[in-house]
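Here are my notes for you to read with the model open. Take the points in order and find each spot as you go.

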Amino acid sequence: MYRLVRPLLFRLDPERAHGAGMLAVRLGSAAPGVVRAMYGGPSARLAQTLWELPFRSPLGLAAGFDKNAEGLGLWPGLGLGFAEVGSVTACASEGNPKPRAFRLNEDRALINRMGLNNEGAEAVARRLRRTDWPAEFVVAVNIAKTHDPGILGDAGVEDFHTSVRHLLPHADLLVLNVSCPNTAEGKTFEDPEALDALLTTVMAERAGQASHVPVLVKLSPPGPDGLDAEAVNESVAVCLGHGVAGFVATNTTSDRDNLTTPASRLDAIGRGGLSGAPLAARADQMIRHLYTTTGGSVPLIGVGGIDSAEAAYRRIRLGASLVETYTGLVYEGPGLVRRIHRGLVKCLDRDGLDSIADAVGLDA
Ligand SMILES: Cc1cc2nc3c(=O)[nH]c(=O)nc-3n(C[C@H](O)[C@H](O)[C@H](O)COP(=O)(O)O)c2cc1C
């Protein structure tokens, strides 16, 4: 059905198309039984327990799609195993001026500079408090620093702290987004010293109120000069030292190498983070590196260019226990979830593996 709807959606500006999609999500959330009957559930061979949480599928929704946690009635019905809602920030934000999202159809990619638009930690916490989701569905809450260049250093840590205080009681998992390419000041938290200060505060708050909630950190992809192993390893060591329970890799990239989209169009679009198919190779590389450097000691969530079962399976064999998608859903529609589930089972059969957990890290 998405094949019929897509040409209409693609006539709209991407942000309007996303708004139409979210309207459908809210409608679907009101009738989860209908959605479940349409999309069915994944094979039991795709189920895993990670962080003592039950994931019935390794496939989840990437951050940014459901920034305000409005679709938790629908995402489980599509068959997804989890959703990362947010990024949520301490203060509500309108984000950057529009237009701020662009489709690159030739590259099956998007460029966005949304600028962390969201309703703010208090409002999203209120919605999560009122929302029920199935016990076999996992909700990760992704938080970021409020998009305000005036909030820096200690104030930035305090800003994260406010979000943790509001949202931690309502999260199955907490993800710290320290890699948003659209806010230079937020990204500075990838720096080991800043990360250390941030994690000291976040982990102290967690110890006091919800010490069972695993904290994950979302990282940037390798830059134009390739993967800086030393820098990544340093950040990873700081995180593991603070008890970080896993990594999400990767966020979008600011680089524009090897795109089919003409340079003139890219110039007209201006700055923003690139997502989708052109990100896949870098995200593959990052997951493999993280798996090797952590010795597989913590689960990894792979994200970036997951738009087929093959892409998902490759990322899992490189070390991801779970994968997420955003741009893949824009180009393929909700049927992508079922296609990935079916394709993953075929991959397991081909490789003589019983369950998806057996595939994690085989090619790292
Ligand atoms: C329009 C848009 C908005 C996004 N917003 C966020 C966000 O708020 N927080 C975040 O951590 N990642 C955000 N992302 C990044 C995605 O979560 C993901 O890391 C990235 O898009 C790569 O995955 P994909 O190739 O499947 O899209 C956003 C991506 C897009 C396309």
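**Notes on the model**

1. Let's begin with Ser235, which counts as buried because its relative accessibility is 9%; buried means under 20% relative accessible area, exposed over 50%, and partly exposed in between (1.4 Å probe, protein chains only). You'll find Ser235 in helix 8. Leaving aside residues up to four places away in sequence, Ser235 touches Glu190, Pro192 and Leu195, where contact means heavy atoms within 4.5 Å. Helices (H or I, at least four residues) and strands (E, at least two) are DSSP runs, numbered from the N terminus.

2. A quick word on what you're looking at: this is a predicted model, where local features need pLDDT of at least 70 and side-chain atom pairs count only at pLDDT 80 or more, while totals for chains, interfaces and linings use all residues. Residues are numbered from 1 along each chain as its sequence is written, and side-chain values use heavy atoms, with hydrogens and water left out.

3. Which residues gather in a patch of negative charge on the surface? They are Asp191, Glu193, Asp196, Asp225, Asp228, Glu230 and Glu234. Helix 7 (192-209) and helix 8 (229-241) each give the negative patch at least two residues. Asp228 sits in the loop between strand 9 (215-219) and helix 8, and Asp228 counts as partly exposed because its relative accessibility is 45%.

4. Some bookkeeping on patches: their residues have over 30% relative accessible area and no salt bridge, with like charges joined within 9 Å and nonpolar side chains (Val, Leu, Ile, Met, Phe, Trp, Tyr) within 5 Å. A salt bridge is a side-chain nitrogen of Lys or Arg within 4 Å of a carboxyl oxygen of Asp or Glu. Areas come from the Shrake-Rupley method with a 1.4 Å probe.

5. There's a nonpolar surface patch too, of about 370 Å², made by Met1, Leu4 and Val5. Met1 lies in the segment before helix 1 (2-9), and Met1 is exposed, with a relative accessible area of 76%.

6. Now have a look at helix 11 (residues 309-317), which is mostly covered, as seven of its nine residues are buried. Those buried residues are Ala309, Ala311, Ala312, Tyr313, Arg315, Ile316 and Arg317. What covers them? The cover includes helix 10 (280-294), strand 12 (300-303), strand 13 (322-325) and helix 13 (335-351). Just after helix 11, Gly319 has a positive phi of about 135°.

7. Most residues other than glycine have a negative phi, and most peptide bonds are trans. Glu52 has a positive phi near 60° and isn't a glycine. Glu52 is in the loop between strand 1 (48-50) and strand 2 (53-55), and is exposed, with a relative accessible area of 77%. Leu116 isn't a glycine and has a positive phi of about 60°. Leu116 belongs to the loop between strand 6 (109-112) and helix 4 (121-130). Is Leu116 buried or exposed? Leu116 is buried, at a relative accessible area of 5%.

8. Finally, the cis peptide bonds. One joins Gly86 and Ser87, with omega about 5°, and Ser87 is found in strand 4 (residues 82-88). Another joins Ala249 and Thr250, where omega is about 15°. Thr250 falls in the loop between strand 10 (246-249) and helix 9 (263-269).

Terms used: Lys and Arg count as positive and Asp and Glu as negative; His and the chain ends are not counted. The place of a charge is taken as NZ of Lys, CZ of Arg, CG of Asp or CD of Glu.
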